Amino acid sequence: MDNRRVADIFSAMADILEIQDANYHRIMAYRRAAETIGSLGEPVEEIWHEERLTSIPGIGETLASKIDELMRTGEIEAYQKLKEAVPAGVVDMLSIPGVGPKSAARFWKELDLTTVGALEKAAEAGRLRQLHGFGAKSEQNVLDGIDFLKRRTGRTRLGDAWDLAQALLTPLRELPEVRQAATAGSLRRMRETVGDLDILVAATHADPVTRRFSSLPQVDEILLSGATKTSIRTREGFQVDLRILAPARWGTGLQYFTGSQAHNIRIRSLALERGLSLSEYALKREDGTEILCASEEEVYGALGLPFIPPELREDRGEIEAALAGELPKLVELADLKGDFQFHTTRSDGHHTLLEMAEAARARGLRYALVTDHSHGLGVTGGVDADALEIQRSEVDAVNAQLEGSFHVLLGVEVEVRGDGTLDLPDEVLQTLDLVVASVHTGLRQSREKVTGRMLNAIRNPHVDIIGHPTGRLIGEREGADLDIEAVIQAAAETGTALEINAHPSRLDLNDIYARRAAAVGAKLVISSDAHDVTGFDVLRFGVATARRGWVSPDDLINTLSLDDLLSWAERA
DNA sequence: GCCGTTTTCGGCCCGACTGTTTTCAGTCG
C-alpha cells in the first residue's frame with residue numbers, strides 16, 4: 001500500500017464530494033491530505049504501523065481512521081459509497097477544461113448524461129443550451145474542451161518548458177514598456193513537469209505587451225485576453241498564461257504567481273493572522289491602505305518571514321521552518337565543484353574525453369568523473385577491463401594537457417545485471433577512482449528481486465554511487481518497483497551516494513526521495529549524465545531537484561574539493 | 001475535515017475572465 005495509492009483515493013473522494021456540492025473546506029481537507037501524503041518521503045504504511053498518522057499535517061482523527069481502514073482491509077467503505085453515488089463518467093467530466101463540479105452535476109442530473117462521450121453527443125445535438133444559464137457559446141466551449149482533452153499530450157518536461165520560456169521572454173524583454181519579465185508558476189518552482197507556463201511581466205503600459213505576446217510566432221490560439229491577463233495555446237498544445245502588473249507591485253505579483261496554490265493559501269492565512277490581506281497587488285491593512293512590495297523579500301518580510309526559495313513553496317513544511325528560523329541552506333549551482341557522470345565516444349557519447357573535459361571546465365567545474373557504460377549493457381563500444389586500462393592513460397594525458405586547471409577522474413557506469421551481480425569484476429573496479437552502478441534492464445522485475453539487485457550493488461565496497469536509482473523516464477515509463485526506503489537506508493549505512501540524475505527526462509532520485517535520503521544521512525550526488533558537450537547544462541535541473549528536496553551543500557559529494565573527494569572515495 | 005498567539009467552535013485566500021442570469025455564478029490558478 002504505497003503513498004501514491006492513498007493519495008489517489010483521497011483525491012478521488014474530493015472530486016466526488018465536489019460534484020455532490022459538499023462543504024468546500026471539507027473537500028479542501030481531502031485535497032490537502034492527498035497532496036501531503038503524495039509528497040511524504042516516508043512510507044505512510046510505516047507511519048500507520050507506528051500510530052503516528054495524526055502527526056501528519058492535515059490528517060486528523062477522521063482521515064487517520066480512513067487510512068487505518070485502508071491498511072487493514074484494503075478498502076475504505078466511505079469511498080465505495082461515494083463511487084456508488086456518482087457515476088465515474090461524471091467525475092471524468094471534471095478533466096474537461098471549463099467544466100467544473102457544478103456543470104458536471106447539472107449535465108448528469110438535468111440531462112441524464114453519465115459519460116464524456118454522451119456529453120459530447122449532447123453538445124453536438126445542441127442539447128446543452130436547454131440548460132438555464134447555458135448558451136451556444138458555453139456549448140461550444142464544452143466541445144472545444146473535450147477536443148482538447150483528446151489531443152492533449154499531458155504535462156511537459158521541465159527542460160522543454162524551460163527552453164520555451166526563454167524563447168518567449170526574450171522578445172517581451174525588448175519592449176520599452178517592460179521593466180521586468182520572468183517565469184513564475186511550477187516552472188519557477190522547478191517542478192519536474194509543467195502543466196501551464198506562467199509568464200509575469202512588470203510594465204508601465206499593458207497593451208503593447210499583450211499585443212506583442214499575442215502575436216508571437218509560437219501562438220496558435222488565443223484562449224482569453226483581458227486587460228492584464230492573456231492565455232494562449234502553442235501549436236504543441238501548451239498553454240501559456242501572461243499576467244501584466246505595475247512595477248511597484250512586482251513582489252506581490254511574483255509571489256502570488258509563483259505559487260504553489262497550497263503555499264499561497266497558507267501565506268495568505270498567515271497574513272490574515274497579522275491583520276493583513278494579501279493579494280497579487282498588495283498587502284492590505286484592515287483600514288484598506290496598501291503596502292506595495294516591489295520584491296518578494298518585502299512580501300515575506302512584512303509577514304515576519306525570511307525569503308522562502310521558490311523550490312520550497314509546496315506547503316511541505318517550509319512555512320513552519322521559516323517561522324522557526326530553520327529553513328535549510330539550499331545548494332546552489334555555483335556550489336558544485338564536480339560532475340559525476342558523463343560519457344564519451346568510447347561508449348554512447350558524442351565527444352572525446354578532452355572535449356568533454358574542456359566543456360565541463362568552461363562551466364566552472366573543477367573536476368569530473370568519466371563514466372562510460374560497461375560492455376554488458378550492449379551499447380556501442382562499452383568498456384571492459386582492457387578498454388578501461390587504455391582509458392586510464394587517456395585520462396592521464398588529458399590531465400597533463402589541462403595542467404591542473406581541471407581534473408578528470410576515471411570511473412565507469414557499471415551495469416547491475418539481472419541477477420544482481422555487476423558487469424565488471426571487483427579486481428577491475430578497484431583500479432578506478434570511483435564507480436557508478438546503474439540498473440538499465442530488468443526494471444519490471446518483482447519488487448523483491450529488483451530491490452535485492454540494488455541492495456547488492458550498494459553493499460559492494462567498490463561501488464561509490466548508484467546511478468538514476470529508480471530508472472524512471474518522465475512521461476515515458478515508471479521506475480522500477482523499488483523498496484526505496486530500504487535502498488535509502490542501505491545507502492546511508494554503507495556511505496554509498498545516491499544520484500540525482502540531472503537530465504530532464506530522469507530527475508532521478510526525485511525531490512521527495514532526495515529529501516528523505518538527506519534526512520536519514522545518506523550522501524547524494526548530482527550528475528549531468530552528459531553525452532555531449534552541451535550535456536553539462538542540465539546540471540541546473542539537478543540542482544533544482546536537490547533544492548526541492550531541501551538538500552544542503554553538505555549533503556552532496558559534488559561540493560567537496562578534489563582532495564576531500566579522493567579521501568571520501570577511500571572511506572571504509 | 002482540520003485546527004488553535006481567534007484553542008474544542010467557527011472559521012477556513014483572493015482575484016481575473018467568461019458567458020449570460022443585467023448583477024453574478026462558475027471556473028481557474
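Of the atoms of DNA strand B within 4 Å of the protein, 69% belong to sugar or phosphate, and the rest to bases. The model is predicted, with local features needing pLDDT of at least 70 and side-chain atom pairs counting only at pLDDT 80 or more, while totals for chains, interfaces and linings use all residues. Residues are numbered from 1 along each chain as its sequence is written, and side-chain values use heavy atoms, with hydrogens and water left out.

**Exercise 1.** Find which protein atoms lie by the phosphate oxygens of DNA strand B.

*Solution.* Let's start with side chains: an N or O atom of Ser103 is 2.6 Å from a phosphate oxygen, and a polar atom of Arg26 lies 3.2 Å from one. Next comes the backbone, where a polar atom of Lys102 is 3.2 Å from a phosphate oxygen. Polar contacts here are pairs of N or O atoms within 3.5 Å.

**Exercise 2.** Work out which side of helix H8 is buried and what packs there.

*Solution.* Finally, look for partners: the buried residues pack against helix H6 (88–92), H7 and H9, with contact meaning heavy atoms within 4.5 Å.

Conventions. Chains are lettered from A and ligands numbered from 1 in the order in which they are written. A residue is near a molecule or strand if one of its heavy atoms lies within 4 Å of it. A polar contact is a pair of N or O atoms within 3.5 Å; within protein, one must be able to donate a hydrogen and the other to accept it, and residues adjacent in sequence count only if both atoms are side-chain atoms. Buried means under 20% relative accessible area, exposed over 50%, partly exposed in between (1.4 Å probe, protein chains only). Helices (H or I, at least four residues) and strands (E, at least two) are DSSP runs, numbered from the N terminus.
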